[in-house]
Amino acid sequence: MIIIKNGTIVTESESYFSDIMIENNIISCIGANLFNDNAEIIDASGMYVIPGAVDVHTHMDLQAGNNRSIDDFYTGTVAAVCGGTTSIVDHVAFGPRNCALRHQIDKYHELANGKAVIDYGFHGVIQHVNDEVLSEMESLAKEGISSFKIYMTYDFKLDDASILKVLKKAKELGVIIAVHAENNDVINDLRENYVSNGLLETIYHAKSRPDHCEAEAISRVLHLAALAGDAPIYIVHISTEKGLDEIKKARAQGQKNIFAETCTQYLTMTDEKYFEPGNNGLKYVMSPPLRQKSDVDALWKGVQDGEIDVIATDHCSFNFKGDKEKGINDFTKCPNGAPGVAERLMVIFSEGVMEKKISINRCIELLCTKPAKIYGLYPKKGSLNPKSDADVTIINPNLEYTLTRSMLRGAVDYTCFEGIELKGKIDTVIQNGKVVYKNDDFFGKKGDGKFIKRRVMEQ
Ligand code: URP
Ligand code: ZN
Ligand code: ZN
């Protein structure tokens, strides 16, 4: 048994002084002056006690072409939990052409089982559409895979007719379709033009994926979702003002069941990063790319006014040495993706809450509660209620420090946030009733994380 005493408990809607008692992996009681002779006492005086954060966009152990991301489900979830994140929902990689929908889910159970130190779920990936795939959506939803990703770019992009079929099925089942929205043909054409003209520096990664490509694809898929009767649709990693405007427009026209995600990096960095000396710009090669200051500002506004529902990470880590460096002479050779699962809570707490852009309650909503609600994890995850899983993160807001790679766990050899000055530090993390992080030490156990069977949306 654990009792956390004297802290400020923070949820998405309130902040108050109270103690929390944890028994048998569950929050058993919240109240003043809790006491038990047998309890381990954690003193949280002067600190915030928040729900363990939930990251619904990670890519652990991802095979992408010839590249494999460096964090597997062990190192990636150690990185996560030491950064205050106690559950993830991972986007599985593409499988072989024409494979069953179940193929990659089975594979990911093998990859995560016995390795993850925190609880995890999977989004399925739909890489072609036929009657079998549509009926597998139903059987997998019954097994706790209540969301599926589709791509509008990359090798296994879906055409519009296929997307419409998937969205209609999603509406029928109450599952959510997560969408990577970028206009594939325009991107490919721009890339080919840059490459054939010898324009191969890192910045051309960003130039070949302009904001209109994101906005056009978001607009198109929102129209398809409307055509499918307001099918539940979740746009991942929104990076542009234009893209967010499409969401606002659809909502203003009355379209329902639209969810919007951005990621830490799109709120904190611009495309100037691509010019960092020493080929460091390659560290930020991700899709969509980093954007302009005006986009960063528009996304923060969306975070403030409620148009953005979730801040996730799109954690997809490749080492700089050996992996990202493949792009030194040609940006198209650089594996796409960047780490972030360890940094998200610290960076958003510091840049958002401590810099007074958002309240701490809104921060909890964006990083813990809303992602858990949208993806069928709530109220076990993402909240501090009696009977919730005992996943708790304690933040000390009084500590200031400079973030460096050496402070982070995980396998990857860099952080995009090297040298950033942060206000507020993760003090303690409790995962399923056990203290797994305290005083900069990790105490978790490989394989302690369990698969989370997620619910479909209530209709
Ligand atoms: O560049 C990125 N984001 N890589 C991961 C896959 C994706 O598109 O989300
Ligand atoms: Zn994506
Ligand atoms: Zn992703």
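Reader: In which loop is the place of Asn257?
Author: This is a predicted model, in which local features need pLDDT of at least 70, side-chain atom pairs count only at pLDDT 80 or more, and totals for chains, interfaces and linings use all residues. Residues are numbered from 1 along each chain as its sequence is written, chains are lettered from A and ligands numbered from 1 in the order in which they are written, and side-chain values use heavy atoms, with hydrogens and water left out. Helices (H or I, at least four residues) and strands (E, at least two) are DSSP runs, numbered from the N terminus. On that basis, Asn257 sits in the loop between helix H8 (241-252) and strand E14 (258-263).

Reader: What is phi of Asn257, a residue other than glycine?
Author: Asn257 is partly exposed, at a relative accessible area of 26%, where buried means under 20%, exposed over 50% and partly exposed in between (1.4 Å probe, protein chains only). Its phi is positive, with a value near 60°.

Reader: Which phi does Asn98 have, although it is not a glycine?
Author: Asn98 belongs to the loop between strand E9 (85-91) and helix H2 (101-112), and it counts as exposed at 59% relative accessibility. Its phi is positive, at about 65°.

Reader: What is omega for the cis peptide bond from Ser287 to Pro288?
Author: Pro288 lies in the loop between helix H9 (264-268) and helix H10 (293-305). The cis bond that joins Ser287 to Pro288 has omega near -5°.

Reader: What is omega for the cis peptide bond from Tyr378 to Pro379?
Author: Pro379 is located in the loop between helix H12 (360-374) and strand E16 (392-402). For the cis bond from Tyr378 to Pro379, omega is near 5°.
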